[in-house]
Amino acid sequence: MTGTREKMIGRAERRQEDAALVSGRACFTDDVALDAPLYVAFLRSPVAAARILSLDLEAAAASPGVHAAHRAEDLGATSALSVNTVLPLERALPFPILARDTLDCIGQPVAAVLAESAAAAQDGVEAIGLDVEDRPLPDPERIAGRSWSRGDATGALHDAETVVQVEIRHPRLAPSPMEPRAIAIRYDRGTDTATIYQSTQTPHRSRSEFARILQVDPDRLRVVAPAVGGAFGMKASVYPEEVFAVWAALHHRCDVRWTATRSEEFLSATHGRALTTRGRLALDADGSFTALEAQVVAPVGPWLPNSALVPALNAARILPSGYDIPNVDLATEVRSHPLPPVGIYRGAGRPEANTLIERLIDEAAAVTGRDPLELRRQNMLPPAALPHETLTGDVLDSGDYPGLLTAAEPWYGALRAERDALRGAGRISGLGLAFCLEPSGAGWESARVTLHEDGSALVASGSSSQGQGRRTDYTQIAADALGMTPERITVLAGDTGTCPEGIGALASRSTAIGGSAVLEACREAAARRDAGETLPIIVETRYENLGMAWGYGAYLALVEIDAETGAMTVLKAHATSDSGQIVNPMLVEGQLIGGFAQGLGEAVMERVVIDADGQLLTGSFMDYAMPRAADIPPLSLEKMTTPSPMNSLGAKGVGEAGTIGAPIAILNAAHDALRPLGVSHLQMPLTPARLWRAMQEARNPP
Ligand code: SMO
């Protein structure tokens, strides 16, 4: 091996992906050229609960340019979508590709039209006759739940010197990737096979799900994720619309494509968050935490995307975060509602757990007159306590939680001085602090490395990419392990035809696990080359980590609230974080900044509104506010590095960090700003109207 070459791991290499992306040459699913495809458009349920009286497709089928119109019965028997049962499912929810007898939420696909253009397909949909009888909205129904207990939380809460309690109602969010869901299917008549281009973060899962649901041989399907314009968990499951499109291509033996409109995304793509958490924290006279009691209630829709139960589990199991609390009661429950489906969304329960405990701690600090940073540091697990097995059986792997707070302390001090200066000038200002834990996924990922006779190497990963820069960081990992220059290395990902079976890009796992798979495969290939084995050398690895790697960080936000309008500005923010071994610091910074912007959206403006009849009131970006560049404050970043012992690379997840840290830091800052006015218990999003009303009510109690 060439020992003298400069290490690639740790360098801020520029992204290989960007030249194509910024010059408009990247191929997204909607750009994939097909041969005279049929375009799909769906008739969707106009109501939240009804019985279908009649569905007349005759006029639609006769509409100009329409090739066919389909109802549920045309698809024959289909299998149910698989659900990751991280919580025991007490009741299965049916998953019709097209509605059969009942309509169970707004936006549910009822019928589909195939036509020679998207416009002709939509015209066909307009011609469908649907007659329904409204049903009363069913009550929410429990479908899963679990609880954990250690010590005697009830007794400790009873005996405590101080008890604080909070309830957090997370807004329902629309993940809103820039690219909506899209699928383009190239059908090959000669072999009766289909190449499915899909905007997905889990191409292998898509392939096995399409095959299983439609009961076809998986060898007939190849799934390719081309450039993916964001996913955020929303593209980790297959959707009824996508299953229909694949069925249509196989059934009609022709190319088929469907690209969702933005309205269809608000209506029928999975939403995120919407959890409610409640907690009580007990402290003794010294400020030591003695008990935590927490309840999580997670709503889901009438059908379950693959990871639907994950937020409910994460929101509970990450508690009590990095704190040492002897008595803990945790409970989580999943309830099905007649509302659009809910799935994982960047953070997937992590923001909810961290928000609850960090709000509780700030309440405790305020009530007892203690410094928020000091109170946290006093109660943290010391580095010697790690690895630490939690109540839920997880293992906090490595790090120095109080040390991280100490590292963040100078920023805390500086921002507090700024806050005090603003207050001194008569302005309403607050500083929020939050400590956050981010477990990255557990499990396996694959890699196949081929060393060619011409001295080049091909690295094929079972993982995928939706903009993270996977090719760039996997090239860096491979270059070091193979002792080769990056120019000779090609990375493939996101194609079931050319890559080994794998999991994909979700749960902050791709670098920690997927990167470790690349590392192990390359190490073995290099060793075999060093031993004189004849080229080509092919090594395929299925790498399983030892357990989750837990990234962590401290987030600070300085805010100002306008006394007249309630408008809040996030003036400055800071994050000190430990992401373990960093492969490319520029990619990590990008994740932290992008995640922070996304989390700021939850804290300040984003909210899906559904009325009492189950109707969606926020169906476009006219009604649903997204953060823009001007809303994002300067974010200073500082890092600590404790390599994780749980994976070969030593990496920890960072993909969701900002979405975890930003909301709670900003929420705590808003409380800090308005507490002097007598305001408490604010809910996100912290819109001007809400803050203004809170200030009015504090001034003139109702
Ligand atoms: S919410 Mo993520 O894509 O696991």
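**Walking through the strands and helices**

What you are looking at is a predicted model, in which local features need pLDDT of at least 70 and side-chain atom pairs count only at pLDDT 80 or more, while totals for chains, interfaces and linings use all residues. Residues are numbered from 1 along each chain as its sequence is written, and side-chain values use heavy atoms, with hydrogens and water left out.

Helices (H or I, at least four residues) and strands (E, at least two) are DSSP runs, numbered from the N terminus. Two strands are said to pair if DSSP finds at least two bridges between them. Strand 2 (residues 50-56) and strand 6 do this in the antiparallel sense, over six bridges. They belong to an open sheet of three strands, ordered 4-2-6, with antiparallel pairing. Its edges are strand 4 (102-103) and strand 6 (129-134), each of which pairs on one side only.

Another antiparallel pair is made by strand 3 (residues 66-70) and strand 5 (residues 109-115), joined by four bridges. Across this pair, H70 stands opposite A112 in strand 5. Strand 3 is mostly covered, with four of its five residues buried (buried means under 20% relative accessible area, exposed over 50%, and partly exposed in between, using a 1.4 Å probe and protein chains only).

The axes are lines fitted to C-alpha atoms, for helices over the stretch in contact, and the angles run from 0 to 180 degrees between N-to-C directions. On the helix 5 side, F210, I213 and L214 meet E242, V243, V246 and W247 of helix 6, where contact means heavy atoms within 4.5 Å. Sorted by type, the residues of this contact are six nonpolar, no polar and one charged (Ala, Val, Leu, Ile, Met, Phe, Trp, Tyr, Cys and Pro count as nonpolar, Asp, Glu, Lys and Arg as charged, and the others, Gly among them, as polar).

Next comes strand 16, where 11 of the 12 residues are buried, so the strand is largely enclosed by the rest of the structure. Strand 15 (residues 276-283) runs antiparallel to strand 16, and eight bridges join them; L281 stands opposite L292 in strand 16. The hairpin of these two strands has five residues between the strands, and there G287 takes a positive phi near 90°. Strand 16 also pairs with strand 17, this time in the parallel sense over 10 bridges, and V296 has T332 in strand 17 as its bridge partner.

Residue L281 turns up again from another direction. T162, in strand 8 (residues 162-169), is in contact with L281, A282, L283, V367 and T368, leaving aside neighbours within four places in sequence. At 11% relative accessibility, T162 counts as buried.

Is helix 8 (residues 310-317) enclosed or open? Eight of its eight residues are buried, so helix 8 is largely enclosed by the rest of the structure. Its cover includes strand 7 (141-150), strand 16 (289-300), strand 17 (327-336), helix 9, strand 20 (428-439) and strand 25 (550-561). Helix 9 (residues 350-368) holds D362, which is buried, with a relative accessible area of 7%. Not counting residues up to four places away in sequence, D362 touches P372, R376, L433, N668 and R675.

Our last stop is an open sheet of four strands in the order 23-22-21-24, with mixed pairing. Strand 23 (489-493) and strand 24 (537-544) are the edge strands, each pairing on one side only. On average, neighbouring strands of this sheet are turned by 15° against each other, direction ignored. Helix 12 (residues 470-482) packs on the sheet, touching strand 21 (444-451), strand 22 and strand 23, and its direction makes about 135° with that of strand 23. Helix 13 (residues 510-530) lies across strand 21, strand 22 and strand 24, running at about 145° to strand 24. Within the sheet, strand 22 (residues 457-461) and strand 23 pair in the parallel sense over five bridges, and V459 has V491 in strand 23 as its bridge partner.
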